[in-house]
Amino acid sequence: MENRGDTVAFVTLGCKLNYSETSTYAREFEEHGYSVVKSTEAADVYVINTCSVTDHSDKKCRNIIRRLHKKNPSAIIAVTGCYAQLKSEEILGIEGVDIVLGAEYKGQLYAQVAKIEKKGASRAFSCERNRIESIFPSFSTGERTRSFLKVQDGCDYFCAYCTVPIARGKSRNLPIALLVQEAEKIAASGIKEIVLTGVNTGDFGKTTGESFLDLLKALNGVEGIERYRISSIEPNLLTEEIVRWIASGTKFLPHFHIPLQSGCDTVLAAMKRRYTTDMFRSKIELIRENMSYVFFGIDVIVGFPGETEELFMETYHFLESVKPAFIHIFPYSVRPNTVAASMPGQVDSQVKDERVKRLEELSDRLHAEFYAENKGREEEVLFESTMKGGMMYGYSRNYIRVEAPYQREKIGKIVKVVL
Ligand code: SF4
């Protein structure tokens, strides 16, 4: 099938890691003569990179497969990602699916698709967890100003609600030297900002014995890259050494995305998280002592089994006192084969919805307060290439979204603006 001049379309669901992997698949197809088209267009091959974080994600994936097959019955459909790893048989049972690739085979996606001569030559691959040992380098290039670079994959934590360790396997990473080369490739394409992504990014080093801080220091030296963000880091892995180094005038920005999941120690223990609310608070304080106007994005799960109204309110008050700039709120979703799935005290979905709503209101208030604190300050903004209604968009160092009249010469540049 090589060099036939065929077309391929991608659908990506879920996290930034999936987006960076999809970009890598796309580059590989292009290297073999394929043109990448939109998933709304007719294509010879459709690749669906799935997520399985909730029931809803699984359902969305099934609907997409059915829709694509109905519109393009002769197209080859390949499914990869977390849902493919966790439920390969279920996906193979959907009409139109030709190939299901578990995590171990993700780096070989093009090669496996190319082996299929015609529609209907179904293949599935073993998806046992202990087989997931590979990791392939990937970075996104969809935006011309910012790239997501995968530095780590998998997780050894096994939080009570999470299927990601089963879907993505053990914590593993690419060597620093190779990641520096990847960052140099990104810089050579003119991109100025890199977001480091992983499943448990701060757990970097399990494969190579290197440290996360050494990775940050090495990447900081890459010429042409002017800004770095860390997509997400577990609070227990955000050490004082890392915080002080970032604050010492590096290219790493005052923007931290830290999963909290619950602001109540009883719930945190039931979730099998590796920190207490005191530890979490001390990390936030440490960062604020060393950096100013920091954007904190915090993940929270509401309605975890056993979360009573009283325990939920502990989370609410904790968040109110920590004052993040944004709260990412997820209603708890039962995932098969997790400890939490069989826990007593499952919370009614209406109660979860109502708690989500209350936290959304809190998030909106805190978000507005953060913007008000920043109003009138001078900030550096990197404008992105998208133009909408004559406007261009970009992000400040501390992740404030800025809108300004479109000026071509400012795209991809770091520009000083008064917020
Ligand atoms: S740290 Fe916990 S929530 Fe995050 S991927 Fe690992 S098991 Fe899942």
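Two strands count as paired if DSSP finds at least two bridges between them. Strands (E, at least two residues) and helices (H or I, at least four) are DSSP runs, numbered from the N terminus. The model is predicted: local features need pLDDT of at least 70, side-chain atom pairs count only at pLDDT 80 or more, and totals for chains, interfaces and linings use all residues. Residues are numbered from 1 along each chain as its sequence is written, and side-chain values use heavy atoms, with hydrogens and water left out.

In β14, Ile 327 is the bridge partner of Ile 298. Strand β13 (residues 295-302) runs parallel to β14 and is joined to it by 6 bridges. Both belong to an open sheet of 6 strands with parallel pairing, in the order β7-β10-β11-β12-β13-β14. Its edge strands, β7 (146-150) and β14 (326-331), each pair on one side only.

The structure holds 25 salt bridges (a side-chain nitrogen of Lys or Arg within 4 Å of a carboxyl oxygen of Asp or Glu). One of them joins Asp 153 and Arg 168, with the closest N and O atoms 3.2 Å apart. Asp 153 lies in strand β8 (residues 152-153) and Arg 168 in helix α6 (residues 164-168), so the pair ties together parts 15 residues apart in sequence. Asp 153 is buried, at 4% relative accessible area (buried is under 20%, exposed over 50%, partly exposed in between; 1.4 Å probe, protein chains only). Arg 168 is also buried, at 3%.
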